[in-house]
Amino acid sequence: MRVSEEERPITLGKIGGPEKHTDPTIELFEKAVQNHSRRLLAIARAIVGTRASPEDVVQQAVTNLFQHRARYDWREPGGLLKRAVVNESLRLLRHPRMSMVADEHPDTTETPVGGMIENETVQQVRKALAKLPEHFRAALVLCEYENMSYQQIAETLNASVPQVKTWIHRARRQLEGMLKDYVESGRKEPARQAVEKK
Amino acid sequence: MPVNETDLEQLETYLDDELSPEEVRELDRRLATDSALADQLDELRAQRALRVSMFRAMEPNDGEVESLLKRVDGNLHRQAHWSKLLGRLRYIGSAAACLFVGFMISHAIWPTQPHDEINTSPNTGSHVAQPVVSPTHGQIYQVVLQDENGNVIGVQNFDNLNDAREFQNDVGQLQSKHRQIQNGIRLIQDSF
């Protein structure tokens, strides 16, 4: 991971009751889920879009990991949790009985860059992203949002590094192609307004 | 100089921080002299910033995270509960299996013992006797042992009547006890 994550932890109740856990992995597991839940939900949302519930994806991924928690090392759980969520997202997208869910996250919130990016632009990018093949989308999310290296992405998606590189490159080119008209119309608009003012 | 597909890929790899130090030096040198390449890099940076802002806009707020954690918590509680319950059931199942195996082994080792006892019912006629005292010639008293069908199965001679009656009483008591034991076994078998 190239960039350290700063997560705002939210308390998770003690699994199995308020008493102290005899299994130390449960405590580590709880901490891991608390610390990474925000990013996990964002990753799931970016990959599944409106084609499945991101909450369901995270819940299922976490439950699967909990069932086999003894197998894993919970001291460095970030990669493990992300891999589980990405794989669960991809599995759900391939599911034949997948159903559409309502967009519970309309872009009404403020973006980190303030008012510079309009909600409409973000909406357009989201729509274009949703049209990409699922592997392209997953690779792009892990690369640009999670700042994972090609090697880490390859491990997460069970692919080779050249394959990942190709997926990311194609994803960017396809997004560029889909957003070309929108971006150009956005560029022309200020110019047109300037001419009208004159 | 126009930017080709290879250049584009290299610029993207550069932005992804995946070029080797040598490749980075070479590209920096080219960027300093090639304005088209530098413009393309700026364009790619802008596109990337737009995508990153879109990804960040997808981040859930505190309420959504809390809601998710509640769901996960509830689900994991259920998992833990069922896991505990299944663990207990496994113990009970194991104990039951051990008992069953023990029973089967004992049955295999002593399979005929209960049947032997059943076979000693009085109706088989093997050792049921009805002693009858009768004086014979020469003051000899005989106790005749008969089965339920009246067949003579044994004769015991005595010199005097008292001894013969005493033997008769003893045999009668013995038969009585034998019947009680057999009836007891039947009762036990019936209760199972």
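Glu88(A) and Arg91(A) sit three residues apart in helix H3 (residues 78–94) of chain A, so about one helical turn separates them. Helices here are DSSP runs of H or I with at least four residues, strands are runs of E with at least two, and both are numbered from the N terminus. In general, an α-helix has 3.6 residues a turn, so residues three or four places apart point the same way. The two side chains form a salt bridge, with the closest N and O atoms 2.8 Å apart; the criterion is a side-chain nitrogen of Lys or Arg within 4 Å of a carboxyl oxygen of Asp or Glu. Glu88(A) is buried at 6% relative accessible area, while Arg91(A) is partly exposed at 41%. Buried means under 20%, exposed over 50%, and partly exposed in between, using a 1.4 Å probe and protein chains only.

Some bookkeeping. This is a predicted model: local features need pLDDT of at least 70, side-chain atom pairs count only at pLDDT 80 or more, and totals for chains, interfaces and linings use all residues. Residues are numbered from 1 along each chain as its sequence is written, chains are lettered from A and ligands numbered from 1 in the order in which they are written, and side-chain values use heavy atoms, leaving out hydrogens and water.

Over all chains there are 19 salt bridges. Another one pairs Glu26(B) with Arg29(B), at 2.6 Å between the closest N and O atoms. Both lie in helix H2 (residues 21–33) of chain B, again three residues apart. Glu26(B) is partly exposed, at 38%.

Which salt bridge joins two chains? Arg48(B), in helix H3 (residues 35–57) of chain B, pairs with Glu144(A), in helix H5 (residues 134–145) of chain A. The N to O distance is 3.8 Å, and both residues are buried.

Now chain A's helix H1, residues 24–48, which bends by about 55 degrees at His36(A). The bend is the angle between axes fitted to the seven residues ending there and the seven starting there. Of its 25 residues, 20 are buried, so H1(A) is largely enclosed by the rest of the structure. Gly49(A) follows H1(A), with a positive phi near 60 degrees.

Last, the cysteines. How many disulfides are there over all chains? The count is zero, taking a disulfide as a pair of cysteine sulfur atoms within 2.5 Å. Cys143(A) is buried at 0%, whereas Cys98(B) is exposed at 57%.
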